[in-house]
Amino acid sequence: MNNREQDKYLILSATFGEGHKQVANAISEAVSNMVADVEPITIDIMEWVHPNLYPISHYIYKKGIKKFPQVYSFLYEKTRVKSSFSVKLNSIFLSGMQTVLKIIQEIKPKVVVSTYPFAAGIISKLKEQGLIDIPAVTIITDYTDHSYWIHRSTDQYVVGSARLRDQLIALGVEAHTHQANDRND
């Protein structure tokens, strides 16, 4: 019998947009089924970082998308390219760094996978400040590039199309040379 403690993969996601959570669940299931001696742990980062604001902000997000989709579209486009506005808005979401650091210290994962852009940002900042030294993988669930997904200390990006890969390369993200499936999607 193997008494060795399982390695852990921490998957950070959020229910602000169902795609982030669906990808996190798919990654968790794949790790459970395909990687021996690894326990995937999925956390809704917004729920953990802002537990008191989460129910209200989630409700406002869902209602806002349905009632005022043009506002969401405006903000998405306004922050797509890094600007002083996008940096200021993003700083609000980076306020949970200490909570995420405590989670990482408790779980001690071998890798952190982010399926939510603000989770990827927090992990990158923790690495930049020398507070963690864990491989950081970001799975971009959008169909296009956006400033909130791209972070200096991300070790690996996973994207759904060659077009998005090319957009990231054009923005200065290094191309990974060992691609499992290089199609012209």
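Guide: Asp37 sits in the loop between helix H1 (18-34) and strand S2 (38-44). The model is predicted. Phi of Asp37 is near 60°, a positive value in a residue that is not glycine. Most residues other than glycine have a negative phi. Asp37 has a relative accessible area of 37%, so it is partly exposed, since that class runs between the 20% and 50% cut-offs.

Lys108 also has a positive phi without being a glycine, at about 55°. This residue belongs to the loop between H6 and strand S3 (111-114). Its relative accessible area is 62%, so Lys108 is exposed; the cut-off is over 50%.

How do helices H6 and H7 pack, at what angle and how far apart are their axes? H6 covers residues 97-107, and H7 covers residues 117-128. They pack at an angle of about 80°. Their axes lie 10 Å apart. Angles of 65 to 115 degrees count as roughly perpendicular, and H6 and H7 are therefore roughly perpendicular to each other.

Now the residues of that contact. H6 contributes Met97, Val100, Leu101 and Ile104. H7 answers with Ile122, Ile123, Lys125 and Leu126. By class, the contact of H6 with H7 holds seven nonpolar residues, no polar residue and one charged residue. The spacing on a helix has a simple background. An α-helix has 3.6 residues a turn, so residues three or four places apart point the same way.

Take Ile104, in helix H6. Is Ile104 buried or exposed? Its relative accessibility is 4%, so Ile104 counts as buried; the cut-off is under 20%. Set aside the neighbours within four places in sequence, and Ile104 is in contact with Leu10, Pro109, Val112, Ile123, Leu126, Ile132 and Ile134. Ile123 and Leu126 are also among the H7 residues that meet H6. Tyr76 gives a contrasting distance. Ile104 and Tyr76 are 28 residues apart in sequence and 29 Å apart in space, C-alpha to C-alpha.

Phe118 lies in helix H7. At a relative accessible area of 9%, Phe118 is buried.

Follow the chain out of H7. Asp133 is in the loop between H7 and strand S4 (136-139). With 75% relative accessibility, Asp133 counts as exposed. The C-alpha atoms of Asp133 and Ile123 are separated by 9.8 Å, and the two residues are 10 apart along the chain.

Next comes helix H8, residues 162-170. Which residues of H8 are buried? They are Ala162, Leu164, Arg165, Gln167 and Leu168. Their cover includes helix H4 (69-80) and strand S5 (156-158). Gly172 follows H8, with a positive phi near 100°. Glu174 is found in the segment after H8. Its relative accessible area is 75%, so Glu174 is exposed. Glu174 and His146 are 28 residues apart in sequence, and their C-alpha atoms are 16 Å apart.

Step back to the whole chain. Its secondary structure comes to eight helices and five strands. Along the sequence they follow the pattern β-α-β-α-α-α-α-α-β-α-β-β-α. The radius of gyration is 17 Å, close to the 16 Å that the globule rule gives for 185 residues, so the chain is as compact as a globular protein of that length. The C-alpha trace spans about 55 × 45 × 30 Å along its principal axes.

Of the 185 residues, 41% count as buried. Among contacts between residues at least 6 apart in sequence, 64% join residues at least 24 apart. The chain exposes about 11,300 Å², and carbon and sulfur atoms supply 55% of this area.

Technical notes. Residues numbered from 1 in each chain as written. Predicted model: local features only at pLDDT ≥ 70, side-chain atom pairs only at ≥ 80, totals over all residues. Heavy atoms only, no water. Axes fitted to C-alpha atoms, helices over the stretch in contact; angles between N-to-C directions. Helix = DSSP H or I, 4+ residues; strand = E, 2+ residues; numbered from the N terminus. Parallel < 35°, antiparallel > 145°, perpendicular 65-115°, else oblique. Contact = heavy atoms within 4.5 Å. Nonpolar A, V, L, I, M, F, W, Y, C, P; charged D, E, K, R; others polar. Buried < 20%, exposed > 50% of the residue type's maximum accessible area, 1.4 Å probe, protein only. Rg over C-alpha atoms; globule rule 2.2 N^0.38 Å. Areas by Shrake-Rupley, 256 points an atom, 1.4 Å probe, with all protein chains shown as cover.
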